[in-house]
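Colleague: Hi! I'm new to this one, could you walk me through it?

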Amino acid sequence: MRRLIAAFLVIGLIAAACGDDESEITLDELNVAYFLEWPTANQVAQAEKTYDEELGVTVNWIPFASGGDMAQAMESGDIDISYSQGLTPFANFVTGGSDLLLVGVAVAYADADNCVAHPDYGVTKENAAQTLTGQSIYTPLGNVTHFKLLKMLEHLGVDTDTVELIQSEGGPAAVAALDTGNVAMACAFGGAVNAMIANGGNLVMTGSEQEDIGIRVFDIISTTGTFAAEHPAAITAFLQVTEDANRAYNEDRDPFIDTIATAAGMDRASTIALLDAFSFPERDAQLSDAWLGGTVQSVMKEQMDFFVEQGEIDSALASYDDFIDTSFLEAVN
């Protein structure tokens, strides 16, 4: 019965999206970008193929190393939807003229994205201005981890002109880079942060301390304007399945932990450690002023203006309102 109801739901979504217009292009399969070692509530629906059932197409889940890579794949047409793309690479790409569209909030987190110092360098928030001078830091560039790092260094009084930033190749590479002792600090997200701490590293600032200086960290659900225009019912149905998974998780996550861990490629303990740092806002919360009603747009503007100040990009847009479309989420029940 549940599947029958779901089938009628998708038919209804398609009808609502198309009305009397028969112009929506047929979708043969859906390619979705996501991160491994990044456990999320919707991975239950991913593992159980609920997305495939509800959308009526094969959904291919393709792992990526960064939000920037996701953006490039969407630009090239290889990816249709990115789940849990970082806000910062999204904002960077639309600032540069990309046809990307933000349609939802995936996950909010603070401690799950951070920079870990090598124990031999003795870096703390009290002495960072001295101990990081002339040192190398291994970090992703152009994403929220990079933004957090620069904001943290600014707050701690570190002269960024004296610090070498080395482009990260992903979480495992960050762990390996810190282990060598050749870098004073490495920045990453997900299981890599826990691994670096377990190997003896220390946080220079906690996620809560970073939030206290105004750093907001969350990932988004994105697509391209072209794909959204051609397949509006698919976007809404994808968000509906995600919403159902978030609600079930938020009500009682315990039955889903093992499924999420398997889908994320992690063990149970590591999965729980990350999920404890995550929250999955539901539809009404996402549509509120705290999220897509204004805050997300403001955070994008703040981040891009900051990158301009740091000399990372030439200019920011006057507004990022046009790159957020809540109509698909509004159609979710």
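Modeller: Happy to; we'll talk about confidence, a disulfide and a sheet.
Modeller: This is a predicted model, where local features need pLDDT of at least 70, side-chain atom pairs count only at pLDDT 80 or more, and totals for chains, interfaces and linings use all residues. Residues are numbered from 1 along each chain as its sequence is written, and side-chain values use heavy atoms, with hydrogens and water left out.

Colleague: What is the mean pLDDT of the chain?
Modeller: The mean is 91, and 93% of the residues reach 70 or more; pLDDT is the predictor's confidence in each residue, from 0 to 100.

Colleague: Which residues stay under 50?
Modeller: Residues 1–23 do.

Colleague: New topic: which cysteines does the disulfide join?
Modeller: Cys-115 and Cys-187, with S to S at 2.1 Å; a disulfide here is a pair of cysteine sulfur atoms within 2.5 Å. Cys-115 sits in strand E5 and Cys-187 in strand E8, 72 residues apart. Strands are DSSP runs (E, at least two residues), numbered from the N terminus.

Colleague: Is Cys-187 buried or exposed?
Modeller: Buried, at 0% relative accessible area; buried means under 20%, exposed over 50%, partly exposed in between (1.4 Å probe, protein chains only). Cys-115 is buried too, at 3%.

Colleague: And what is the strand order in the open sheet?
Modeller: The five strands go E7-E6-E8-E5-E9, with mixed pairing; two strands pair if DSSP finds at least two bridges between them.

Colleague: Which strands stand at the edges?
Modeller: E7 (164–167) and E9 (202–203); each has a single partner strand, so one side of each is left without a neighbour in the sheet.

Methods:
Helix = DSSP H or I, 4+ residues; strand = E, 2+ residues; numbered from the N terminus. Contact = heavy atoms within 4.5 Å.
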